[in-house]
Amino acid sequence: MLCYQVIYEYNWYSHQKTLLPDGMEIISHIETESWWRPWSWFYPQTFRFIAADYANSERNRLNDQLVRMELYVVERRLPTVRMVTVVDCATNSRADYSHDLDIPRPGEAVSSEWFPLEEDDRLLGVCLDEEVR
């Protein structure tokens, strides 16, 4: 029974990846170790990941450097959480979408609601796709 549980826990992440629809890409995964699972110190388990829905992302009509997209936080044994984010390709930053979000015009600086992204952040992959709607 213990062996089955260990195998199931380690296969959860790879199984979830196969269930993602086309156009959705995993941008981050979190590996964990636990003292009550001593094997996890040698081979950490993935219990949570974040997937970006690149296929349904949309460019802003007033500023084509802004792309709105949905992120999904998938965690084992918990409901999936959907978040909407906006990526500014010109400044390599992102913000959580809300109706109160200050959307900059082309060439304007972003406000404090925007968080800088590293140049290799996988969210910026949406900026490379010229065919984003």
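Student: How many salt bridges does a search of the whole structure find?

Tutor: Five. Keep in mind that this is a predicted model, where local features need pLDDT of at least 70, side-chain atom pairs count only at pLDDT 80 or more, and totals for chains, interfaces and linings use all residues. Residues are numbered from 1 along each chain as its sequence is written, and side-chain values use heavy atoms, with hydrogens and water left out.

Student: What makes Arg122 and Glu25 a salt bridge?

Tutor: The term needs a side-chain nitrogen of Lys or Arg within 4 Å of a carboxyl oxygen of Asp or Glu. For Arg122 and Glu25 the closest N and O atoms are 2.3 Å apart, so the pair qualifies. Arg122 sits in the loop between β7 and α2 and Glu25 in strand β1 (residues 24-32), so the bridge ties together parts that are 97 residues apart in sequence. Helices (H or I, at least four residues) and strands (E, at least two) are DSSP runs, numbered from the N terminus.

Student: Why is Arg122 called partly exposed?

Tutor: Buried means under 20% relative accessible area, exposed over 50%, and partly exposed in between (1.4 Å probe, protein chains only). Arg122 has 41%, so it lands in the middle class. Glu25, at 32%, is partly exposed too.

Student: Why does Glu70 count as buried?

Tutor: Its relative accessible area is 17%, and the limit is under 20%, so Glu70 passes. Glu70 forms a salt bridge with Arg82, the closest N and O atoms being 2.9 Å apart. Arg82 is in strand β5 and Glu70 in strand β4 (residues 66-75), so this bridge links parts that are twelve residues apart in sequence. Arg82 has 48%, so it is partly exposed.

Student: How do you know that Asp88 has no salt bridge?

Tutor: Look at the nearest side chain of opposite charge, Arg59: it is 8.4 Å away. Lys and Arg count as positive and Asp and Glu as negative, while His and the chain ends are not counted.
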